[in-house]
Amino acid sequence: MENYFLVLNAIDVTGKTEKKGNLTYLSWAWAWGELKKKHPDAFYTIYENSEGWFYHTDGKTAWVKTGVTVNGLEHIEYLPVMDYRNNSIPADKITSTDVNKTIQRSLTKAVARHGLGLYIYAGEDLPEDLRSEDEKAFDKKVEDDKKAIISKKDQAILENMVKSKGYAVNEIFPKGLAITGEQYTQALETLKTLKKKGE
């Protein structure tokens with residue numbers, strides 16, 4: 001069976017990119033169109049926060065979380081909401097336009113993880129000591145959130161979802177709802193597709 005990654009990675013993206021500052025960007029619409037030509041069943045996910053917003057925030061800055069699924073394999077991308085200089089935008093200054101642009105960039109990078117245009121992002125993989133303080137802090141925040149126990153509010157969201165499906169919490173979460181952020185994301189996806197009890 002042909003390796004789909006190699007097929008996508010071999011596609012020439014010349015002429016479909018633009019330069020902003022010292023970074024190269026691939027057209028989101030073109031990348032998605034090319035992916036769907038090869039994989040019509042591909043789909044993307046924009047992960048909302050517990051408030052239903054399309055971005056996540058710690059009160060200081062913000063980021064988006066997106067995923068692209070090809071052949072049943074999802075690659076997830078986290079990306080800070082940044083200005084034209086690629087600096088994080090303060091949370092109280094973020095607009096819906098900023099979030100929309102970041103979602104498009106994040107989805108394009110998630111597509112690239114499947115192979116399409118991946119090589120144009122090689123220049124962004126800088127050694128840790130050459131990265132900005134914002135980038136380092138953001139990456140640390142993402143990793144910390146994955147490992148930290150979710151809030152009582154997020155636990156309540158899970159409890160309500162479980163009950164809406166007709167189950168008791170201990171049937172789905174025998175060890176309780178004190179789970180990590182990474183487990184929380186997986187649990188949300190599982191509960192969305194879980195059929196109601198008795199169906």
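Biologist: How is the relative accessibility of Arg113 to be read?

Modeller: A residue is called buried under 20% relative accessible area, exposed over 50%, and partly exposed in between (1.4 Å probe, protein chains only). Arg113 has 41% relative accessibility and therefore counts as partly exposed. The model is predicted, so local features need pLDDT of at least 70 and side-chain atom pairs count only at pLDDT 80 or more, whereas totals for chains, interfaces and linings use all residues. Residues are numbered from 1 along each chain as its sequence is written, and side-chain values use heavy atoms, with hydrogens and water left out.

Biologist: Where is Arg113 found, and which residues does Arg113 touch?

Modeller: Helices (H or I, at least four residues) and strands (E, at least two) are DSSP runs, numbered from the N terminus. Arg113 lies in the loop between H3 and helix H4 (133-147). A contact means heavy atoms within 4.5 Å. Leaving aside residues up to four places away in sequence, Arg113 touches Phe5, His75, Ile76, Glu77 and Leu118. Its C-alpha atom is separated by 8.9 Å from that of Val68, 45 residues apart along the chain.

Biologist: How is the packing of H2 and H3 described?

Modeller: Two packed helices are described by the angle between their axes and the distance between the axes. Axes are lines fitted to C-alpha atoms, for helices over the stretch in contact, and angles run from 0 to 180 degrees between N-to-C directions. Helix H2 (residues 28-38) packs against helix H3 (residues 96-112) at about 35°, and the axes are 9 Å apart.

Biologist: Which residues of H2 and H3 meet?

Modeller: From H2, Trp28, Ala31, Trp32 and Leu35 meet Gln104, Leu107, Thr108 and Val111 of H3. Nonpolar residues are Ala, Val, Leu, Ile, Met, Phe, Trp, Tyr, Cys and Pro; charged ones are Asp, Glu, Lys and Arg; the others, Gly among them, are polar. On that basis the contact has 6 nonpolar, 2 polar and no charged residues.

Biologist: What is the phi of Asn71, and where is its place?

Modeller: Most residues other than glycine have a negative phi. Asn71 has a positive value, near 55°. Its place is the loop between strand S5 (62-70) and strand S6 (73-80), and Asn71 is exposed, with a relative accessible area of 56%.

Biologist: Where does pLDDT stay under 50?

Modeller: pLDDT is the predictor's confidence in each residue, from 0 to 100. The protein averages 85, and 90% of the residues score at least 70. Over residues 125-130, pLDDT stays under 50, and the model has 3 contacts beyond four places in sequence for them.
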